[in-house]
Amino acid sequence: MSIRVRFAPSPTGALHVGGARAALYNWLMARQSGGTFVLRIEDTDRERSTPENVEQILDALRWLELDWDEGPISQYARADRHAEALQGLLDSGHAYRSSATADDVKAYKAEHGASAGFRGTPEEHGAIRLKVPDEGTTTVHDLIRGDTVFEHTHLDDPVIARADGSVLYNFAVAVDDLDMGITHVVRGEDHLSNTPKQLLVYEALGAAPPTFAHLPLLHGPDGKKLSKRHGAASVQELRDAGYLPEAVRNYLALLGWGDPDDETIITTSQLVDRFDISRVSKNPAQFDEQKLRWLNGRYVRELTTAQLTTRLERHTGRTGLEPAVEISREKMQTLADFWLLAGFIFDGPVDDPKAREKWLDDEGRAALADARVALADLDAFDVSSIDDALRKVVDQRAAKPKQVFQPIRVALAGTAVSPGIFETLAVLGKEESLRRIDTALTP
């Protein structure tokens with residue numbers, strides 16, 4: 001049997017990290033097995049399911065390089081098929097209309113016991129409820145969590161369609177998965193409580209259900225449910241913060257799944273070979289952006305200078321970056337770090353009053369003046385020549401290297417953080433370097 005999996009987001013906003021992990025796990029299963037990855041957009045909430053929100057989902061998946069084989073399929077566009085399946089259940093007696101309100105359900109439980117599942121009386125009009133058997137159980141067989149048993153006596157007859165016939169999530173998703181031949185449903189554990197209702201829909205339709213796997217929730221480093229306060233929460237935010245898609249795929253894969261070889265740096269092709277949904281933990285996984293930064297830095301340094309320059313020029317919208325990339329790459333963890341480190345090379349010194357106050361006092365300006373003389377005397381303005389000249393200034397002043405190098409750095413960059421000082425001078429060139437030093441020395 002060929003594996004068919006799906007990712008079925010609701011387009012109500014950006015694709016968040018938890019959703020991206022679910023998409024990745026489904027994609028890995030499809031690619032490993034030679035199966036099919038279906039993209040379905042659950043867009044029945046017409047107010048929130050705007051074209052812009054749909055595009056945000058597609059944009060995030062494209063950036064993550066998670067290509068889909070079928071879709072995107074609109075759930076809303078399948079309304080006729082949902083209505084047909086719904087009528088079939090009404091005709092077969094597996095569903096009924098009921099005008100029962102929330103207060104009626106509350107009164108029923110007050111009479112029959114708080115844990116008793118609500119059972120309605122069939123009527124001519126009202127919402128449509130699925131009939132739950134009075135006896136027996138429904139068992140969710142889960143590849144991650146094992147078996148979870150639900151006693152029918154405790155399950156309400158669930159509403160599967162409104163009085164106007166528009167179907168609700170638990171009915172639509174079961175019909176869609178059935179029609180699309182989905183063999184494995186891999187999604188967050190927040191859906192676990194929906195699964196028995198969907199299994200009952202399958203049973204009423206006389207169909208075999210797919211295999212389920214419910215992923216643990218994501219927490220922040222503080223152990224609380226992942227939210228905006230923990231850092232980048234959406235795929236687009238990760239992209240804008242300068243993370244590489246291959247590093248994000250690697251990191252997301254490890255959120256709950258353990259590599260058999262206990263490795264941390266795992267290429268996407270290796271993930272496809274090794275991923276096993278049964279190795280996903282039941283326990284919440286911890287999203288730690290500092291660990292992602294570290295991992296991303298490893299990926300950054302695996303790129304050649306030319307490859308990294310291409311990424312950075314796309315990220316910044318600027319061109320001609322390669323010389324600055326070459327001298328900045330070892331200090332970078334994300335693409336966004338580059339401009340913080342080297343933007344001054346292109347846009348001029350930044351304004352950092354604390355750095356000026358600390359390093360361009362009388363002593364610093366004197367050291368800078370000596371360095372300016374040494375640099376001006378150079379015929380060859382390369383890293384080696386600059387290194388030799390400035391170290392002589394350090395020796396002549398009987399100073400510590402930073403007492404000479406930091407004033408130069410502040411003169412060039414405006415701040416005390418930059419790529420290597422010799423390399424920075426060489427990239428700026430003699431004329432521009434001396435001009436910036438002269439500006440810093442001008443009262």
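Leaving aside residues up to four places away in sequence, Thr 195 touches Val 140, Arg 187, Phe 212 and His 214 in this predicted model. Thr 195 belongs to helix 6, which covers residues 195–205. The relative accessibility of Thr 195 is 0%. Because buried means under 20% relative accessible area, Thr 195 counts as buried.

Helix 6 also packs against another helix. Its partner is helix 5, formed by residues 169–179, and the two axes lie 9 Å apart at an angle of about 55°. Helix 5 is therefore oblique to helix 6. The crossing of helix 5 past helix 6 is right-handed. On the side of helix 5, the contact is made by Tyr 169, Asn 170, Phe 171, Val 173, Ala 174, Val 175, Asp 177 and Leu 178. Helix 6 contributes Lys 197, Gln 198, Val 201, Tyr 202 and Leu 205 to this contact. By residue type, the contact of helix 5 with helix 6 comprises 9 nonpolar, 2 polar and 2 charged residues.

The description now turns to the strands. Strand 1 consists of residues 4–7, and its side chains point in two ways: Arg 4 and Arg 6 one way, Val 5 and Phe 7 the other. Strand 1 pairs with strand 2, residues 36–41, in the parallel sense, and the pairing runs over 4 bridges. Within this pairing, Arg 6 has Val 38 of strand 2 as its bridge partner.

Conventions: Residues are numbered from 1 along each chain as its sequence is written. This is a predicted model: local features need pLDDT of at least 70, side-chain atom pairs count only at pLDDT 80 or more; totals for chains, interfaces and linings use all residues. Side-chain values use heavy atoms; hydrogens and water are left out. Buried means under 20% relative accessible area, exposed over 50%, partly exposed in between (1.4 Å probe, protein chains only). Contact means heavy atoms within 4.5 Å. Axes are lines fitted to C-alpha atoms, for helices over the stretch in contact, and angles run from 0 to 180 degrees between N-to-C directions. Angles under 35 degrees count as roughly parallel, over 145 as roughly antiparallel, 65 to 115 as roughly perpendicular and the rest as oblique. A crossing is left-handed if the near helix is turned anticlockwise from the far one by less than a right angle, and right-handed if clockwise. Ala, Val, Leu, Ile, Met, Phe, Trp, Tyr, Cys and Pro count as nonpolar, Asp, Glu, Lys and Arg as charged, and the others, Gly among them, as polar. Two strands pair if DSSP finds at least two bridges between them.
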